[in-house]
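Please keep the sequence and the structure in view while reading.

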Amino acid sequence: MSAKVDLTGKVAVVTGGGGILCSTMAKALAGCGAKVAILDLKQESAQKVADEIKAAGGAALGLGANVLDIESLKAAEKQIRETFGVCDILINGAGGNHPKGTTSSEKLALEDITNPVPGKVSFFDLDPAGIGFVFNLNFLGTLLPCQVFCREMALKGGGTVLNISSMNAFRPLTKIPAYSAAVARHSSSSTMRVSPCSPAMSGVGIRVNAIAPGFFLTNQNRTLLTNSDGSLTARGSTILAHTPMGRFGTPDDLTGTLLWLVDNDASGFVNGTVIPVDGGFAAFSGV
C-alpha cells in the first residue's frame, strides 16, 4: 500500500465488508493503524476478512449484521463499542442490485408488449418487490447504519462517514432501472448517496462524503462483464470502449481516495462531495 495515513487509535466500521471492494478498504484502514469492524450479511465472510487482518498484525472484528435490520445493527454497535470503543469512521459499503430489478434487454421493443417471450423480462415485467428491495438496500442500508453509529460519534465530538456510491448516480445505465433510480434518488445537487447521512451533520463534527466507483470486477457483476474464459462480454466491451483508461478498476484503485477522505488532516474541509474513481467513464461522451 503506497498511500498511507496515521489512523492509530481510530475505530472504523465497514458495512458490506466481506465483499471484494470493501474488504480491501477494511485492510487499508487496518494497515494505517485503525481497529476495524467488518460487518457483512454473511458472518463467515466478515470473519474471513477479520482473520486476514489479524494475521497481518492488525486489529479486527468480524460480525454478521443486516443493514436493513436496526436491531441487528444496534447489537453490532454494542459489541464494537465494548471491544474497540466508539466508531470514528463509518464506511457504508453495503448495497447493490437484485435480479428482480433487472431487465433482459438494453432497450424496450414493441414486440416485448405485443409478443412477449416467456422468461424475458421487459420494463413491464419488473417485480415491484425486487425494485423495493433494491431501493431499501441502497437507501435504508445507508440510513440505518448512520442512525446507529453516528449517535455515539456525535456525542464523542465528531467523526467521518464515507458512503460508497456508484458512477451510475452520474449516468444511468441500461438494464438496471431499479438500481439506477435507487442511487439517483439519493442525489442532493451533486452529492450522490450522501443525503442518507447528510453533510448537515457537520454541526456535530461529522463529515460526510462519498466515493463513486466506476466499473470494477466484483462477484455481483463479473458474469455480466466477462465470459467464463475471461474474455469480455458485449456489455464489458462497450464499457471499456467508453472508459478512457481502457480497463476495469482494481480494488486498490480506491485506496488513495478512501484514505484521503477519512483523514481529517488531509481532507478536514472536504464535506458533502462525491469523488468519482472511474477511469474517466463519467467524463467521456463516447466521441
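## A nonpolar surface patch

Leu110 is found in the loop between β4 and α4 (111-114). Helices (H or I, at least four residues) and strands (E, at least two) are DSSP runs, numbered from the N terminus. The model is a predicted one, in which local features need pLDDT of at least 70 and side-chain atom pairs count only at pLDDT 80 or more, while totals for chains, interfaces and linings use all residues. Residues are numbered from 1 along each chain as its sequence is written, and side-chain values use heavy atoms, with hydrogens and water left out.

Is Leu110 buried or exposed? Leu110 counts as exposed because its relative accessibility is 59%; the term exposed means over 50% relative accessible area, buried means under 20%, and partly exposed lies in between (1.4 Å probe, protein chains only). Together with Leu108, Ile113, Phe123 and Phe124, Leu110 forms a nonpolar patch on the surface, with about 560 Å² of accessible area in total. Patches are made of residues with over 30% relative accessible area and no salt bridge; like charges are joined within 9 Å, and nonpolar side chains (Val, Leu, Ile, Met, Phe, Trp, Tyr) within 5 Å. The accessible areas come from the Shrake-Rupley method with a 1.4 Å probe, and for residues only the protein chains shown count as cover.

Strand β1 (residues 11-15) is mostly covered, with 5 of its 5 residues buried. In a regular strand the side chains alternate between the two faces of the sheet. In β1, Val11, Val13 and Thr15 point one way, whereas Ala12 and Val14 point the other way.

Two strands pair if DSSP finds at least two bridges between them. Strand β1 is joined to strand β2 (residues 35-40) by 5 bridges, and the two run parallel; here Val14 stands opposite Ile38. Strand β1 also runs parallel to strand β4 (residues 89-92), to which 4 bridges join it, and Thr15 stands opposite Asn92. With helix α1 (residues 20-31) between them in the unit's name, β1 and β2 make a right-handed β-α-β unit. A crossover is right-handed if, with the strands pointing away from the viewer, the path from the first strand over the helix to the second runs clockwise.

## The nonpolar core

In soluble globular proteins, nonpolar side chains tend to be buried together. A nonpolar core is a set of buried Ala, Val, Leu, Ile, Met, Phe, Trp, Tyr and Cys residues joined through side-chain atoms within 4.5 Å. The largest such core has 33 residues, of which Leu7, Leu29, Val36, Ile38, Ile91 and Leu258 touch the most other members. At least two residues of this core come from each of β1, α1, β2, α2, β4, β5 (159-164) and α9 (255-262). Helix α1 gives the most, with 7 residues.

## Salt bridges

A salt bridge is a side-chain nitrogen of Lys or Arg within 4 Å of a carboxyl oxygen of Asp or Glu, and the count by this rule comes to 9. One of them links Glu52 and Lys48 (2.7 Å, N to O). These two residues are separated by about one helical turn, because they are 4 residues apart in helix α2 (residues 43-55). Glu52 is partly exposed at 31%, whereas Lys48 is exposed at 52%. Lys27, Lys48 and Glu52 are linked in a network of salt bridges.

Another salt bridge joins Lys120 and Asp112 (3.1 Å, N to O). Lys120 is partly exposed, at 33% relative accessibility, but Asp112 is buried, at 12%.
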